[in-house]
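Please open the model in a viewer and keep the selection panel at hand.

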Amino acid sequence: MKKRKMSFLEIWNMSFGFLGIQMGFALQNANASRILQIFGADVHELSWFWLVAPLTGLIVQPVIGYYSDRTWTRLGRRRPFFLTGAVLASIGLVLMPKADIFVAFLPSLWVGAGMLMIMDASFNVAMEPFRALVADNLPSDQRTLGFSIQTVLIGIGAVVGSWLPYILANWVGISNEAEVGKVPLNLLFSFVIGAVILLASILLTVVITKEYTPEELTGMEPDEPEEAEEKSGLINIFTDFVKMPKTMRQLSWVQFFSWFGLFGMWVFSTPAIAHHIYGLPLDDSQSSTYQTAGDWVGVLFGVYNAVSAVFAFFLPVIAKKLGRKSTHAISLVIGGIGLISVYFAPDQYWLIASMLAVGIAWASILAMPYAILAGAIPARKMGVYMGIFNFFIVIPQIINALIGGPMVKYLYGGNAIYAIMVSGVSFLLAAILVFRVDDVDEAENRQQ
């Protein structure tokens, strides 16, 4: 018994929930630093507040992967998890910009950081079961297409999420100004809209998409070597970590430098651009010009996500001609150059070109490593290994969160633009390490 090939529309519907997840994720990435600064955080403290996000991912992802491999309900094995994650993430999206309403109980800055943690933990609950679902349902020759379609939907959702505050302020006329310590109205409405779309898109996937039962999946992997029965328990996660496939170990270093760079870009883009491009003083995080810079960062983040959505359509074709490793390496080089170029941009509009380059790297980061990984891990442990793979996404973010703020304060003199340049160099290092990876699927296809 083999997995049937799915139509483009079926794969699209199966991944549609990613549009809502990424819309919420984009709102968080583009605006969390600004909201935390509104509530009183200093620029060198931002990475510390963001630390809660990768820490929760480090714990949540493998546990969710482990249990989703062993779950079967009326909704299937993966769908209950990303539905639960969507509900919790929506609550976090609604409450984060309104953290000041809890000021009678806790400082609004603490509440805002707590909502950031809830949102990111919930995105993590939803995200990896979604990736495992694609690997579960698609035959190996459709996996690059499947992850590329996910990237398209991620891009669309991220564009809408990133641009919403700018659109509401400049096209709809909703104010982007507020009293000191208050979040502007355009941001509040953006987060509520994001929560609604997140829930709606997840529900569409849950209702439309079916899953193979565990018994059916077992029958589709006849060549997988049998292993001794394992004792049930979370301790198996650590055993699986030790026994991870060689390809996964090699990809871990690529992921490390890719996500170290991404984290630096997400955390420090708003203060970097506000001060380096708009010329604001390093201690300005409240002026109307700073809010305008923050809205423009949302536009720029939308640009790189829009590019990723378009470029993802071409990834399967490019990867077929060049190979997945070469495609990923070239994309990372282009993204690294784009980030470094931010330092040399003469005004905010030139940054669009920088983000075009970042978008190419982002599309590849979201698709190529997973397409390579899916061919190297056993189907019965797809969920737990996808969760463990997230270690190599969150660990570099944790390290950047710990050292990024002090580096900005003591090494860069408070100027966050240098953190963006370091992110570009990190992309280049990831590109070099791609060539050390063994792509099992491509090697087998060449032999055939």
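Select α2 (17–38) and helix α12 (residues 288–322): α2 passes α12 in a right-handed crossing. A crossing is right-handed if the near helix is turned clockwise from the far one by less than a right angle, and left-handed if anticlockwise. Helices here are DSSP runs (H or I, at least four residues), numbered from the N terminus. The model is predicted: local features need pLDDT of at least 70, side-chain atom pairs count only at pLDDT 80 or more, and totals for chains, interfaces and linings use all residues. Residues are numbered from 1 along each chain as its sequence is written, and side-chain values use heavy atoms, with hydrogens and water left out.

Keep α2 and α12 in view. Their axes come within 8 Å and cross at roughly 165°, which makes α2 roughly antiparallel to α12. Axes are lines fitted to C-alpha atoms, for helices over the stretch in contact, and angles run from 0 to 180 degrees between N-to-C directions; those over 145 degrees count as roughly antiparallel.

Next, display the side chains of D295 and R34, which meet in a salt bridge with an N to O distance of 3.0 Å. The term denotes a side-chain nitrogen of Lys or Arg within 4 Å of a carboxyl oxygen of Asp or Glu. D295 belongs to α12 and R34 to α2, so that this pair links distant parts of the chain, 261 residues apart. Across the whole structure, the search finds eight salt bridges.

Move on to α11 (246–276) and α17 (417–434). These helices pack at an angle of about 160°, with their axes 7 Å apart, which makes α11 roughly antiparallel to α17. The contact of α11 with α17 comprises 17 nonpolar, seven polar and no charged residues. In this classification, Ala, Val, Leu, Ile, Met, Phe, Trp, Tyr, Cys and Pro are nonpolar, Asp, Glu, Lys and Arg are charged, and the others, Gly among them, are polar. The crossing of α11 past α17 is left-handed.

Which helices supply at least two residues each to the lining of the second largest cavity? Select α11, α16 and α17. A cavity is a set of points, on a 1 Å grid over the protein atoms alone, where a 1.4 Å probe fits but cannot get out; its lining residues have an atom within 4 Å of a point. The second largest cavity has a volume of about 70 Å³, volume being the space filled by probe spheres set on the points, which are joined across faces, edges and corners. Its lining includes F260, G264, N400 and Y412. α16 contributes the largest share, four residues. By class, this lining has seven nonpolar, four polar and no charged residues.

Finally, select F25, N124, M127, W259 and I393, which lie nearest the centre of the largest cavity among its 25 lining residues. About 230 Å³ of space lies in this cavity. The largest share of its lining, six residues, comes from α6. The lining divides into 15 nonpolar, seven polar and three charged residues. In total, the model has three cavities of 30 Å³ or more.

Terms used
1 Å grid on protein atoms, 1.4 Å probe; cavity = no way out; pocket = protein on both sides within 12 Å on 5 of 7 lines; lining within 4 Å. Parallel < 35°, antiparallel > 145°, perpendicular 65-115°, else oblique.
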